[in-house]
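Colleague: I have the structure up on my screen. Can we go through a few parts of it?

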Amino acid sequence: MSNNRLDSAGAMDPEARIFLAGHQGMVGAAILRRLEADGYSRLIVKSRGELDLTDQQVVRRFFDDEKPDQVILAAARVGGIGANIRFPADFIYQNLMIEANVIHEAFRSGVRRLLFLGSSCIYPRDASQPMTEDALLAGPLEPTNESYAVAKVAGIKLCEAYNLQHGTDFRSVMPTNLYGPNDNYDPDYSHVVPALIRRFHEARIAGDPAVTVWGSGEPQREFLHVDDMAAAALHVMNLAPETWAAATRPRLSHINVGSGEEVTIREMAELVKAAVGYAGELRFDHTRPDGVPRKALDGSLLRRLGWQPSWKLPAGLAAAYRNYLEKLDG
Ligand code: GDP
């Protein structure tokens, strides 16, 4: 029985039964749109209510029943700096459980290729910038999201260990900071872009004279539109095994997905302000944490493998704001 449905070039066959874990999240939803647009018609998706990925027995039964050919693991407990500081136990526990269950059960049921989604926060706080893949585990992590980062490092190492011991082809992608449709707009626990979209929008409607931005405005972040991330994920998933192995030799199992679009938080606030059409002032709340001073990925390895982003920040933010307005109307 082939439980592997890869074409002769090593890409996923359109008939492959692909289990996309986390299709209701921002990244998973973007990957689902992209898979459907690319003609994959036998996708397996389950809501959290239908399939609790933190429950080992449930996940085992699911894999035994469904026997997917490939797996894309985009399910995770995620959040911005506020959520990471408030819920460190949830972030480490839930992510470790999801990863251990899905990666192990995928292996057990004969899945050869799996894609694990990580994060740029896996790299040390003081890594030289932009960060290359080999900065992993080279130093201490940023404390504000250490729990999440440790869980994501464990996910990469799970993939790597199964590859080493069992000859699987489990690949990991590390996205830079993402934004786009289906983001979480919670004012306390979201990431910076959706938080600012909502805050500037509400201030414009209310006619408030100023909007508060957390921290000093000086941290630098790199931002990538989630649709570009989805394209990158499928690009990596579809690379021929020899190409992937050569790129990640000797034993790396992860690759960066960077955009090269780096701005300070102050510049990002100005960009969101323009996208929303807000005319008031910016204020900086220095009692809020800045997090890591600079976080940018060296994305050159993936570019050499043929992927590049297509969105630019102003247009991407305008599209993200339109999506926010649609959600408000809906
Ligand atoms: P990080 O990249 O893991 O630090 O994630 P975030 O997206 O949560 O934060 C990025 C930067 O934006 C940090 O320096 C925050 O202090 C800053 N920031 C400014 N205003 C906000 C806000 O309203 N919400 C969040 N989450 N971050 C903000």
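Colleague: Asn182 first. How exposed is Asn182?

Modeller: Asn182 is partly exposed, with a relative accessible area of 28%. Partly exposed is the range between buried, under 20% relative accessible area, and exposed, over 50%, with a 1.4 Å probe and protein chains only. This is a predicted model, where local features need pLDDT of at least 70, side-chain atom pairs count only at pLDDT 80 or more, and totals for chains, interfaces and linings use all residues. Residues are numbered from 1 along each chain as its sequence is written, and side-chain values use heavy atoms, with hydrogens and water left out.

Colleague: What is the phi of Asn182?

Modeller: Phi is near 70° there, a positive value in a residue other than glycine. Most residues other than glycine have a negative phi. Asn182 sits in the loop between β6 (177–179) and α6 (192–206). Helices (H or I, at least four residues) and strands (E, at least two) are DSSP runs, numbered from the N terminus.

Colleague: And Leu137, buried or exposed?

Modeller: Leu137 is exposed, at 58% relative accessible area. Leu137 also has a positive phi, about 65°, though it is not a glycine. Its place is the loop between β4 and α5. Pro130 lies in the loop between β4 and α5 too, and the peptide bond from Gln129 to Pro130 is cis, with omega near -10°.

Colleague: Change of topic. What is the strand order in the sheet?

Modeller: The order is β2-β1-β3-β4-β5-β9, in an open sheet of six strands with parallel pairing. Two strands pair if DSSP finds at least two bridges between them.

Colleague: Which strands stand at the edges?

Modeller: β2 (43–44) and β9 (254–257) do; each has a single partner strand, so one side of each has no neighbour in the sheet. Helix α4 (residues 88–108) packs on the sheet and touches β3 (70–73), β4 (113–117) and β5 (169–175). Touching is contact, meaning heavy atoms within 4.5 Å.

Colleague: Now the ligand. Which residues are closest?

Modeller: Ile81, Arg199, Arg221, Pro289 and Asp290 are the closest of the 17 residues that surround the ligand. A residue counts as near if one of its heavy atoms lies within 4 Å.

Colleague: How far is the polar side-chain atom of Arg199 from an oxygen atom of the ligand?

Modeller: That distance is 2.6 Å. For Lys295, a polar side-chain atom lies 3.1 Å from an oxygen atom of the ligand.

Colleague: Which element gives the most to the shell around the ligand?

Modeller: α6 does, with three residues.

Conventions
Axes fitted to C-alpha atoms, helices over the stretch in contact; angles between N-to-C directions. Polar contact = N/O pair within 3.5 Å; in protein donor to acceptor, adjacent residues only side chain to side chain.
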